Amino acid sequence: MKKHNFLAFDIGATSGRAVLVSLMNGKFEMRELHRFPNNLLELHGKYYWNIYNLYEELKKSLSLCAREDIPVDSIGIDTWGVDFGYLASDGSLLGLPRAYRDPYTEGALEEYFRLVPREEVYRLTGIQFMNFNSLFQLFRARKEDFAPLRNAEEILFIPDLLSYLLTGKKVCEYTDASTSQLLNPVTKQFEPSLLEAAGVSPSIVRQVVMPGTLVGELTDALAEETGIGKIPVIAVAGHDTASAVAAVPARDEHFAYLSSGTWSLMGIETEEPIITEESYKNNFTNEGGIEGTTRFLKNITGMWLLEQCRKEWEKAGRAYAYSEIVELAGQAVPFVRFVDPDDPRFANPTCMTKAIAGYCEETGQPVPETDADFIRCIFESLALRYNEVIRMLKGMAPFRIDRLHVIGGGSKNNLLNQFTANAIGMLVIAGPSEATAIGNGMVQARSAGIVSTRWEMRQLIADSIQTETFLPQDETVWKDVYDRYLQVVKR
């Protein structure tokens, strides 16, 4: 039986990877071919993504495949959401894409809601309100008369922009576009009134296409330069969480998922969006999934807190492997202090440890004294926040939720997985850690006709990987701690 090779580019807010996902005889295997950094670029008070550097790293990966004589069936790209690049009428890219952590959108929601009421924006989009959503980026770019917007013919979201650089062909993929707060999840079309209120022409966005759509082949020049040939590029589930959710090894719909990484995305998969007074009040989002499904979820600040602390410790000469971090957390005194991971002060502080210490001081809790104290605080706070969110989910889900699938890099953190099971009082199934790349490759496989449905994809994944399960422990203790947590975060 033929071996199929799918090249998955999985690019996050801090790093990117080229992963080869190979399928044969109903099983898959994967191999990381290339890893590269992706850093924010600050220029004159504005924050950008160096899209050209990412393009060069994609080219290196293609050349590597050619040198190793790897026959690649197709290529897919997934990235983070909301950000985009501006294109001129001749197809030229107008500068570097602004990054969602650029502070230019601070206060944008309140300004925009004077034009279109908050309730109306949510009714039309069903999207969680975050100041960096694409709608508010465009609104603020227009307010500051940002030259690339002024001269733009259209925008392309980041995965579509990278596909365009590879192929010269333009698409607007559904799952990534759905994060913009511009798309109606019922009609799956952009809402012109929201763009017009932002002072932007609705023609700036393209018609939406579904995951699995062929974008085009590599350009002649790129095929020759890299030596890989005219390989097709597929618009996979371009938003990384959509790709990750596609890889949840679930047997039925009665699950919640937690995509654990820089962000923690907790939600359920539904056939239709959930746009109700309760979902509006709880600020839940309806984002696109494969097969036209909806990812009903909430964004939670995840390992970002720990990642920033680690950078500060490394600068101070204390570099920890992840195994050491887990060991330190296990040694620290439990339940001494908690933070709200989603407090705005943690969004992009100049010093994360100072921000956490300041939060503890303001809320009358002991300030962390050691690195282990910080780590334990972060892990316990995340587990308790997960409990808070899953309780909301249970109240809004159209079906019973009986287990939580943890996917992504955080699924390898057994201590946090156990804390999560304890906090939510529910079975936790961890894995795969490489869910995003697997989902990316599987959508390519579905486009190639190797698998036919998302459930067939998930069965193949379940047959090919090992997962770990965590049963709740010390539930009474964690219930008492949860009440204390709610008092600290004032909810």
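Guide: Here is a walk along the interface between the domains.

This is a predicted model, in which local features need pLDDT of at least 70 and side-chain atom pairs count only at pLDDT 80 or more, while totals for chains, interfaces and linings use all residues. Residues are numbered from 1 along each chain as its sequence is written, and side-chain values use heavy atoms, leaving out hydrogens and water.

The protein chain splits into domain 1 (2-238) and domain 2 (249-430 + 451-490), with bounds from an automatic or database domain assignment. Their C-alpha centres are 26 Å apart. Domain 1 brings 28 residues to the contact and domain 2 brings 30, where contact means heavy atoms within 4.5 Å.

Together they bury about 2,400 Å², with 58% of that area coming from carbon and sulfur atoms; buried area is the accessible area (1.4 Å probe) that two parts lose on being put together, summed over both. On the domain 1 side, R101, Y122 and Q128 provide 30% of the buried area, more than any other three residues.

What about salt bridges across the interface of domain 1 and domain 2? The rule (a side-chain nitrogen of Lys or Arg within 4 Å of a carboxyl oxygen of Asp or Glu) finds 0 of them.

Now look at the elements on the side of domain 1 that touches domain 2: β3 (27-37), α3 (118-125) and α7 (174-177) each supply at least two residues. Helices (H or I, at least four residues) and strands (E, at least two) are DSSP runs, numbered from the N terminus. The most comes from α3, with 5 residues.
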